[in-house]
Amino acid sequence: MTVRTARKGSIAPDTRQRLVDVAVRLFAQHSFAGTSLQMIADEMGITKAAVYHHFRTREELLSAVVEPALRQLRAAVESAETKRTPHARAEQLLTGYATLAVEHRAMVAVLATDPGAIDLLRGQPETRDLINRQLAILADVTPGPAGYVNATVVLAGIAAAASPALVEVDDDALLQHLVEAGRRALGLRAPRRPAPTT
(Lines give C-alpha, C1' and ligand atoms only; values in the text may rest on other atoms or scores of the structure.)
Protein backbone atom coordinates (compact mmCIF):
# COMPACT_ATOMS: atom_id res chain seq x y z
CA MET A 1 0.00 0.00 0.00
CA THR A 2 1.37 3.41 -1.00
CA VAL A 3 0.89 6.42 1.26
CA ARG A 4 1.08 9.79 -0.43
CA THR A 5 2.11 12.82 1.54
CA ALA A 6 0.46 16.19 0.98
CA ARG A 7 2.57 18.71 -0.90
CA LYS A 8 2.21 22.46 -1.07
CA GLY A 9 -0.60 23.11 -3.49
CA SER A 10 -2.37 19.79 -2.94
CA ILE A 11 -6.08 19.96 -2.28
CA ALA A 12 -7.49 17.91 0.60
CA PRO A 13 -11.24 17.25 0.69
CA ASP A 14 -11.71 19.71 3.56
CA THR A 15 -9.75 22.52 1.89
CA ARG A 16 -12.87 24.57 1.18
CA GLN A 17 -13.83 24.62 4.87
CA ARG A 18 -10.24 25.32 5.90
CA LEU A 19 -10.20 28.27 3.48
CA VAL A 20 -13.35 29.61 5.12
CA ASP A 21 -11.88 29.18 8.62
CA VAL A 22 -8.60 30.88 7.69
CA ALA A 23 -10.49 33.68 5.93
CA VAL A 24 -12.54 34.41 9.07
CA ARG A 25 -9.37 34.62 11.14
CA LEU A 26 -7.55 36.86 8.65
CA PHE A 27 -10.62 39.07 8.10
CA ALA A 28 -10.73 39.58 11.88
CA GLN A 29 -7.02 40.49 11.97
CA HIS A 30 -6.70 42.56 8.79
CA SER A 31 -10.30 43.39 7.74
CA PHE A 32 -12.04 42.12 4.64
CA ALA A 33 -10.46 44.81 2.46
CA GLY A 34 -7.04 44.17 3.99
CA THR A 35 -7.04 40.42 3.32
CA SER A 36 -6.03 39.12 -0.09
CA LEU A 37 -6.49 35.65 -1.52
CA GLN A 38 -2.68 35.45 -1.62
CA MET A 39 -2.54 36.05 2.14
CA ILE A 40 -5.03 33.23 2.66
CA ALA A 41 -3.03 30.91 0.40
CA ASP A 42 0.20 31.78 2.23
CA GLU A 43 -1.41 31.15 5.61
CA MET A 44 -2.55 27.71 4.47
CA GLY A 45 0.69 26.84 2.69
CA ILE A 46 -1.01 26.33 -0.67
CA THR A 47 -0.82 28.14 -3.99
CA LYS A 48 -3.11 30.96 -4.96
CA ALA A 49 -4.26 28.74 -7.84
CA ALA A 50 -5.47 26.23 -5.26
CA VAL A 51 -7.55 28.96 -3.63
CA TYR A 52 -8.95 29.91 -7.06
CA HIS A 53 -10.06 26.30 -7.48
CA HIS A 54 -12.63 26.97 -4.71
CA PHE A 55 -13.15 30.75 -4.77
CA ARG A 56 -12.49 33.08 -7.71
CA THR A 57 -12.77 36.26 -5.62
CA ARG A 58 -12.71 37.45 -2.03
CA GLU A 59 -16.39 38.28 -2.48
CA GLU A 60 -17.17 34.62 -3.26
CA LEU A 61 -15.18 33.63 -0.20
CA LEU A 62 -17.03 36.14 1.99
CA SER A 63 -20.34 34.73 0.74
CA ALA A 64 -19.20 31.25 1.75
CA VAL A 65 -18.07 32.57 5.14
CA VAL A 66 -21.43 34.15 5.95
CA GLU A 67 -23.75 31.62 4.29
CA PRO A 68 -24.25 29.33 7.34
CA ALA A 69 -24.96 32.31 9.59
CA LEU A 70 -27.34 33.88 7.04
CA ARG A 71 -29.20 30.59 6.77
CA GLN A 72 -29.53 30.51 10.57
CA LEU A 73 -30.56 34.19 10.67
CA ARG A 74 -33.18 33.59 7.98
CA ALA A 75 -34.66 30.76 10.06
CA ALA A 76 -34.70 32.99 13.16
CA VAL A 77 -36.41 35.85 11.29
CA GLU A 78 -39.00 33.55 9.72
CA SER A 79 -39.72 31.90 13.07
CA ALA A 80 -40.10 35.29 14.78
CA GLU A 81 -42.45 36.53 12.06
CA THR A 82 -44.91 33.75 12.95
CA LYS A 83 -45.41 35.06 16.50
CA ARG A 84 -48.56 37.05 17.26
CA THR A 85 -47.31 40.05 19.22
CA PRO A 86 -44.40 42.48 18.73
CA HIS A 87 -42.92 41.41 22.09
CA ALA A 88 -43.11 37.70 21.24
CA ARG A 89 -41.56 38.35 17.81
CA ALA A 90 -38.75 40.40 19.36
CA GLU A 91 -38.09 37.79 22.05
CA GLN A 92 -37.90 35.01 19.46
CA LEU A 93 -35.55 36.97 17.21
CA LEU A 94 -33.40 38.21 20.08
CA THR A 95 -32.83 34.65 21.26
CA GLY A 96 -32.18 33.42 17.72
CA TYR A 97 -29.72 36.21 16.93
CA ALA A 98 -27.86 35.82 20.24
CA THR A 99 -27.59 32.08 19.60
CA LEU A 100 -26.21 32.76 16.12
CA ALA A 101 -23.69 35.26 17.53
CA VAL A 102 -22.43 32.75 20.10
CA GLU A 103 -22.19 29.90 17.58
CA HIS A 104 -20.37 32.05 14.99
CA ARG A 105 -18.47 34.40 17.30
CA ALA A 106 -15.48 35.26 15.13
CA MET A 107 -17.47 35.67 11.94
CA VAL A 108 -20.20 37.82 13.55
CA ALA A 109 -17.55 40.07 15.06
CA VAL A 110 -16.02 40.62 11.61
CA LEU A 111 -19.39 41.41 10.06
CA ALA A 112 -20.33 43.85 12.80
CA THR A 113 -17.16 45.91 12.54
CA ASP A 114 -15.85 45.63 8.98
CA PRO A 115 -17.26 48.36 6.69
CA GLY A 116 -16.09 46.56 3.53
CA ALA A 117 -17.88 43.35 4.45
CA ILE A 118 -20.98 45.24 5.59
CA ASP A 119 -21.18 47.22 2.33
CA LEU A 120 -20.75 44.09 0.25
CA LEU A 121 -23.50 42.23 2.12
CA ARG A 122 -25.88 45.19 2.09
CA GLY A 123 -25.33 45.37 -1.67
CA GLN A 124 -26.97 41.96 -2.05
CA PRO A 125 -30.77 42.47 -2.19
CA GLU A 126 -31.66 39.23 -0.41
CA THR A 127 -29.24 39.90 2.44
CA ARG A 128 -30.29 43.53 2.72
CA ASP A 129 -33.94 42.44 2.95
CA LEU A 130 -33.10 39.93 5.68
CA ILE A 131 -31.23 42.56 7.71
CA ASN A 132 -34.11 45.03 7.31
CA ARG A 133 -36.66 42.42 8.43
CA GLN A 134 -34.51 41.65 11.46
CA LEU A 135 -34.31 45.33 12.41
CA ALA A 136 -38.04 45.84 11.89
CA ILE A 137 -38.95 42.98 14.22
CA LEU A 138 -36.88 44.39 17.07
CA ALA A 139 -37.84 48.01 16.34
CA ASP A 140 -41.55 47.17 16.47
CA VAL A 141 -41.38 46.89 20.27
CA THR A 142 -41.02 50.69 20.59
CA PRO A 143 -42.84 52.86 18.03
CA GLY A 144 -40.95 55.50 16.08
CA PRO A 145 -37.25 56.20 15.60
CA ALA A 146 -36.43 55.08 19.15
CA GLY A 147 -37.36 51.54 18.19
CA TYR A 148 -34.81 51.50 15.36
CA VAL A 149 -32.15 53.01 17.59
CA ASN A 150 -32.82 50.33 20.23
CA ALA A 151 -32.80 47.56 17.62
CA THR A 152 -29.51 48.77 16.13
CA VAL A 153 -27.89 49.04 19.56
CA VAL A 154 -29.00 45.50 20.41
CA LEU A 155 -27.79 43.93 17.17
CA ALA A 156 -24.46 45.76 17.14
CA GLY A 157 -23.97 45.25 20.87
CA ILE A 158 -24.57 41.52 20.70
CA ALA A 159 -22.15 41.16 17.79
CA ALA A 160 -19.48 43.19 19.58
CA ALA A 161 -19.95 41.47 22.95
CA ALA A 162 -19.77 38.03 21.36
CA SER A 163 -16.34 38.78 19.92
CA PRO A 164 -13.86 36.12 21.08
CA ALA A 165 -11.33 38.87 21.79
CA LEU A 166 -13.59 40.72 24.22
CA VAL A 167 -15.37 38.13 26.31
CA GLU A 168 -13.92 35.01 27.86
CA VAL A 169 -16.96 33.16 29.14
CA ASP A 170 -18.49 29.82 28.28
CA ASP A 171 -21.09 29.78 25.51
CA ASP A 172 -24.12 29.07 27.73
CA ALA A 173 -23.34 31.94 30.11
CA LEU A 174 -22.56 34.27 27.21
CA LEU A 175 -25.87 33.46 25.54
CA GLN A 176 -27.77 34.15 28.75
CA HIS A 177 -26.00 37.50 29.26
CA LEU A 178 -26.54 38.58 25.66
CA VAL A 179 -30.26 37.79 25.76
CA GLU A 180 -30.72 39.53 29.12
CA ALA A 181 -28.85 42.64 27.92
CA GLY A 182 -30.92 42.65 24.73
CA ARG A 183 -34.14 42.43 26.71
CA ARG A 184 -33.12 45.38 28.86
CA ALA A 185 -32.21 47.49 25.82
CA LEU A 186 -35.49 46.65 24.07
CA GLY A 187 -37.64 46.94 27.21
CA LEU A 188 -38.74 43.30 27.11
CA ARG A 189 -39.60 41.20 30.13
CA ALA A 190 -38.34 37.65 30.31
CA PRO A 191 -41.03 35.22 29.15
CA ARG A 192 -42.96 33.52 31.91
CA ARG A 193 -41.97 30.00 32.57
CA PRO A 194 -44.77 27.52 33.05
CA ALA A 195 -45.41 26.59 36.66
CA PRO A 196 -43.91 23.22 37.52
CA THR A 197 -46.43 20.43 37.74
CA THR A 198 -46.34 18.07 40.68
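Visitor: Where does Thr 15 lie?
Guide: Thr 15 lies in helix H1, residues 15–30. Helices (H or I, at least four residues) and strands (E, at least two) are DSSP runs, numbered from the N terminus. This is a predicted model, in which local features need pLDDT of at least 70 and side-chain atom pairs count only at pLDDT 80 or more, while totals for chains, interfaces and linings use all residues. Residues are numbered from 1 along each chain as its sequence is written, and side-chain values use heavy atoms, with hydrogens and water left out.

Visitor: Is Thr 15 buried or exposed?
Guide: Thr 15 counts as buried, at 1% relative accessibility. Buried means under 20% relative accessible area, exposed over 50%, and partly exposed in between (1.4 Å probe, protein chains only).

Visitor: What does Thr 15 touch?
Guide: Met 44, Ile 46 and His 54, not counting residues up to four places away in sequence. Contact means heavy atoms within 4.5 Å.

Visitor: And Ser 31, where is that?
Guide: Ser 31 is in the loop between H1 and helix H2 (37–44). Its phi is near 80 degrees, a positive value in a residue other than glycine. Ser 31 is partly exposed, with a relative accessible area of 28%.

Visitor: Stepping back, how many helices and strands are in the chain?
Guide: Ten helices and zero strands. Along the sequence the pattern reads α-α-α-α-α-α-α-α-α-α.

Visitor: What share of the chain do buried residues make up?
Guide: Of the 198 residues, 38% are buried. The accessible surface of the chain is about 11500 Å², with 55% of it belonging to carbon and sulfur atoms. Those areas come from the Shrake-Rupley method with a 1.4 Å probe, and for residues only the protein chains shown count as cover.

Visitor: What about contacts along the sequence?
Guide: Taking contacts between residues at least 6 apart in sequence, 66% join residues at least 24 apart.

Visitor: Give me an example. Which residues is Val 65 in contact with?
Guide: Leaving aside neighbours within four places in sequence, Val 65 contacts Val 20, Ala 23, Val 24, Phe 27 and Met 107. Val 65 and Met 107 are 42 residues apart in sequence and 7.5 Å apart in space, C-alpha to C-alpha. Val 65 sits in helix H4 and counts as buried at 8% relative accessibility.

Visitor: Val 77 next. Which helix is it in?
Guide: Val 77 is in helix H4. Val 77 is buried, with a relative accessible area of 0%. Beyond its neighbours within four places in sequence, Val 77 contacts Leu 93, Leu 130, Arg 133, Gln 134 and Ile 137. Between Val 77 and Gln 134 the C-alpha distance is 6.1 Å, with the two 57 residues apart in sequence.

Visitor: Which residues of H8 are buried?
Guide: Thr 127, Leu 130, Ile 131, Gln 134, Leu 135, Ile 137, Leu 138 and Ala 139. The buried residues of H8 pack against helix H4 (58–81), helix H5 (86–103), helix H7 (115–122), H9 and helix H10 (171–186).

Visitor: What span should H8 have?
Guide: 21 Å for its 15 residues at 1.5 Å a residue, and the end C-alpha atoms are 21 Å apart, which agrees. The expected span is 1.5 Å times one less than the number of residues.

Visitor: At what angle do H8 and H9 pack?
Guide: Helix H8 (residues 125–139) and helix H9 (residues 145–161) pack at about 115 degrees, with their axes 8 Å apart. The contact is made by Gln 134, Leu 135, Ala 136, Leu 138 and Ala 139 of H8 and Gly 147, Tyr 148, Ala 151, Thr 152, Val 154 and Leu 155 of H9. Axes here are lines fitted to C-alpha atoms, for helices over the stretch in contact, and angles run from 0 to 180 degrees between N-to-C directions.

Visitor: Last one: which residues is Ala 98 in contact with?
Guide: Leaving aside neighbours within four places in sequence, Ala 98 contacts Ile 158, Leu 175, Leu 178 and Val 179. Ala 98 is found in helix H5 and counts as buried at 0% relative accessibility. Ala 98 and Ile 158 are 60 residues apart in sequence and 6.6 Å apart in space, C-alpha to C-alpha.
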